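Here's a quick walk through one protein and the molecule it holds. Have a look at the sequence and the 3D view, then read on.

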Amino acid sequence: MTALRPLIAGNWKMNGLELSLDEARAVAAAVEARPPAARVAICPPATLVHRLAEALGGTGVEVGGQDCRAESSGAFTGDVSAEMLTDAGASLVILGHSERRAGYGETDALVAAKAGAAHRAALEPIVCVGETRAEREAGRTLDIVTGQVRGSLPEVLGGKPFAVAYEPVWAIGTGLTPTSEQIEEVHMAIREVLTAMFGDHGARVPILYGGSVKPSNAGEILRLRDVGGALVGGASLKAADFLGIIEAA
Ligand code: PGA
């Protein structure tokens, strides 16, 4: 079973003004000059999706959103729908990031509804899962993560492009990363669930690792079993750092 092409996605979170487009342009120029083994995507704040899509059009670097509403339109002040992201030029969307699960009470069922919306709008969802430090210390990591995978991926994704990102909450933005054995253990457990849910397709979809990925640890992480790319926060904000990770793939 050949794995699908790895994906290196940058999550800018709530960072980025017009000036930041230059960093993205520098990434795209390097990717065009030396096409990497991995697909590359940048997920800027919603305000920059359209401008980034215009700036990167035709370069091979894809643009994604960081969240979407499950409904396609309506009286939801402040929210953005999957259709709006597609309309603005995005081709992917991060869903169920731990900052949204923790900060906005997003449940697996809501994330699954959003993933269904992404599919409806022809967006490729990157669905995030991951345990907290307390859950890891209580020995509940595999239960938590596999439960999130089962609950957050709607059946409609069968055969469709999507990715899962394993992001231990305690590793996000902290400089801490799990050991190689810990990453492989969780990725293999996720793979088992994906294969049970989606058959051959589930055996091939990329499972990204996220949480304090940087140029100095990317090579080791990206070579681990069942790691099909990375979701990169802080280190995606500067072209030089992000390129260091892209080149390690
Ligand atoms: P980090 O964030 O790379 O800054 O740890 C990763 C993420 O939250 O997606």
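Let's start with where the ligand sits: the space it takes up is the second largest pocket. Keep in mind as you look around that this is a predicted model.

So who are the neighbours? Around the ligand there are 13 residues, and the ones that come nearest are Lys13, His97, Glu167, Gly173 and Ser212. Sorted by class, that shell is made up of 7 polar, 4 nonpolar and 2 charged residues.

| Residue | Atom on the protein side | Distance to a ligand oxygen atom |
|---|---|---|
| Glu167 | polar side-chain atom | 2.7 Å |
| Gly173 | backbone N or O atom | 2.7 Å |
| Ser212 | backbone N or O atom | 2.7 Å |

How much of the ligand does the protein bury? On its own, the ligand exposes 280 Å², and the protein buries 95% of that.

Now for the aromatic rings. The structure has 2 aromatic pairs. One of them brings together Tyr166 and Tyr209: their ring centres are 6.2 Å apart and their planes meet at 65°, so this pair counts as edge-to-face. For that label, the planes have to be over 60 degrees apart.

Where do these two tyrosines sit along the chain? Tyr166 belongs to strand 6 (residues 163–166), while Tyr209 is part of strand 7 (residues 207–210), so the pair ties together parts that lie 43 residues apart in sequence.

Terms used. Residues are numbered from 1 along each chain as its sequence is written. This is a predicted model: local features need pLDDT of at least 70, side-chain atom pairs count only at pLDDT 80 or more; totals for chains, interfaces and linings use all residues. Side-chain values use heavy atoms; hydrogens and water are left out. A residue is near a molecule or strand if one of its heavy atoms lies within 4 Å of it. A polar contact is a pair of N or O atoms within 3.5 Å; within protein, one must be able to donate a hydrogen and the other to accept it, and residues adjacent in sequence count only if both atoms are side-chain atoms. Accessible areas come from the Shrake-Rupley method with a 1.4 Å probe; for residues, only the protein chains shown count as cover. On a 1 Å grid over the protein atoms alone, a cavity is a set of points where a 1.4 Å probe fits but cannot get out, and a pocket is an open set with protein on both sides within 12 Å along at least five of seven lines; lining residues have an atom within 4 Å of a point. A molecule sits in a cavity or pocket if more than half of its atoms lie within 2 Å of its grid points. Ala, Val, Leu, Ile, Met, Phe, Trp, Tyr, Cys and Pro count as nonpolar, Asp, Glu, Lys and Arg as charged, and the others, Gly among them, as polar. Rings of Phe, Tyr and Trp (its six-membered ring) pair if their centres lie within 6.5 Å; planes under 30 degrees apart count as stacked, over 60 as edge-to-face and the rest as tilted. Helices (H or I, at least four residues) and strands (E, at least two) are DSSP runs, numbered from the N terminus.
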